[in-house]
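Subject: A structure for you to look at

Hello,

Here is the structure I promised to pass on. Please open it beside this email, and then read what I found.

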Amino acid sequence: VAAGAIAKKILERFGIRIGGYTKEIAGISCDTSGMDFDEIVKKAESNPVRCPDEEIARLMEEKVLEAKRDGDSVGGVAEIIVKNPPAGLGEPVFLKLDAYLAFAVMSVPAVKGVEIGAGFKVARMRGSENNDPIVIKDVRIGFASNNAGGILGGISNGEDIVIRAAIKPTPSISKPQRTVNYRTMKEETIVVKGRHDPCIVPRAIPVLEAMVALVIVDCMMMQG
């Protein structure tokens, strides 16, 4: 995270910003399609679960507290956005930008899945739905949609880069759980003592932002 903070400062010199928020907790999801980047980032920091939708944030918080009361935990999804990335980052084969980002994000503990752009939704789309039409935007060539998540053929296309990470429920919970006593080779029940986080999605966001920032800076350095 310390290195990621430095990477963010470097990126700011090029007008590139990185922000994240909680997309989903315990199956409760928020929709940010009507918000711009600044609004998402600002509102996400206004509540404990880091969700930019205040009403959905309250529902998420209730689910987290409910799991805490039950001695259990819940997982969720964090979304990271890279605003104003330059086109041309990454390589077409051995260091695809999406592969590098997936590698970095999956390296964060508790992350069990990564999506770029539309992610797993593409499996249920037709090509005509998934393709991002090329258009003129602000007197430059751009894309009408961003199902690709800002990356085509392993290379950034100039649109916002969008990454989502699926984060598992915290395994250390106060509920009794089955285990095996290695010495006796018999099944037993264990209760984990100490502090337990009922949800680590909000805490993971700064870590994910840092990893993404490091990847972007690394790719920019490789291309001079």
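Start with a contact between two helices. Ala3, Gly4, Ala7, Lys8, Ile10 and Leu11 in helix 1 meet Glu209, Ala210, Ala213, Leu214, Ile216, Val217 and Met220 in helix 6. Contact means heavy atoms within 4.5 Å. Helices here are DSSP runs of H or I with at least four residues, strands are runs of E with at least two, and both are numbered from the N terminus. By class, this contact has 10 nonpolar residues, one polar and two charged. Nonpolar covers Ala, Val, Leu, Ile, Met, Phe, Trp, Tyr, Cys and Pro; charged covers Asp, Glu, Lys and Arg; the others, Gly among them, are polar.

A word on the source. This is a predicted model, in which local features need pLDDT of at least 70 and side-chain atom pairs count only at pLDDT 80 or more, while totals for chains, interfaces and linings use all residues. Residues are numbered from 1 along each chain as its sequence is written, and side-chain values use heavy atoms, with hydrogens and water left out.

Back to the helix pair. Helix 1 spans residues 2-12 and helix 6 spans residues 201-222. Their axes come within 8 Å and cross at roughly 50 degrees. Axes are lines fitted to C-alpha atoms, for helices over the stretch in contact, and angles run from 0 to 180 degrees between N-to-C directions. Helix 1 and helix 6 are therefore oblique to each other. Under 35 degrees would count as roughly parallel, over 145 as roughly antiparallel, and 65 to 115 as roughly perpendicular; the rest is oblique. The crossing of helix 1 and helix 6 is left-handed. That term applies if the near helix is turned anticlockwise from the far one by less than a right angle; clockwise is right-handed.

Helix 6 also meets helix 4. The axes of helix 4 and helix 6 come within 9 Å and cross at roughly 145 degrees. This crossing is right-handed. Helix 4 brings Leu97, Tyr100, Leu101, Ala104 and Val105 to the contact. Helix 6 brings Leu208, Met211, Val212, Val215, Ile216, Asp218, Cys219 and Met222. The contact of helix 4 with helix 6 has 12 nonpolar residues, no polar ones and one charged.

Now the whole chain. It has six helices and 11 strands. The C-alpha trace spans about 65 × 40 × 40 Å along its principal axes. Of the 224 residues, 41% are buried. Buried means under 20% relative accessible area, exposed means over 50%, and partly exposed lies in between, with a 1.4 Å probe and protein chains only.

Two loop residues stand out for their phi angles. Alanine 110 is not a glycine, yet its phi is positive, at about 80 degrees. Alanine 110 sits in the loop between helix 4 (97-106) and strand 4 (111-116). Aspartate 138 is not a glycine either, and has a positive phi of about 50 degrees. Its loop runs between strand 5 (134-137) and strand 6 (140-143). Are they buried or exposed? Alanine 110 is buried, at 16% relative accessible area. Aspartate 138 is exposed, at 72%.

Last, look at isoleucine 134 in strand 5. Isoleucine 134 counts as exposed, at 61% relative accessibility. Leaving out residues up to four places away in sequence, isoleucine 134 touches Ile141, Gly142 and Phe143.

Best wishes
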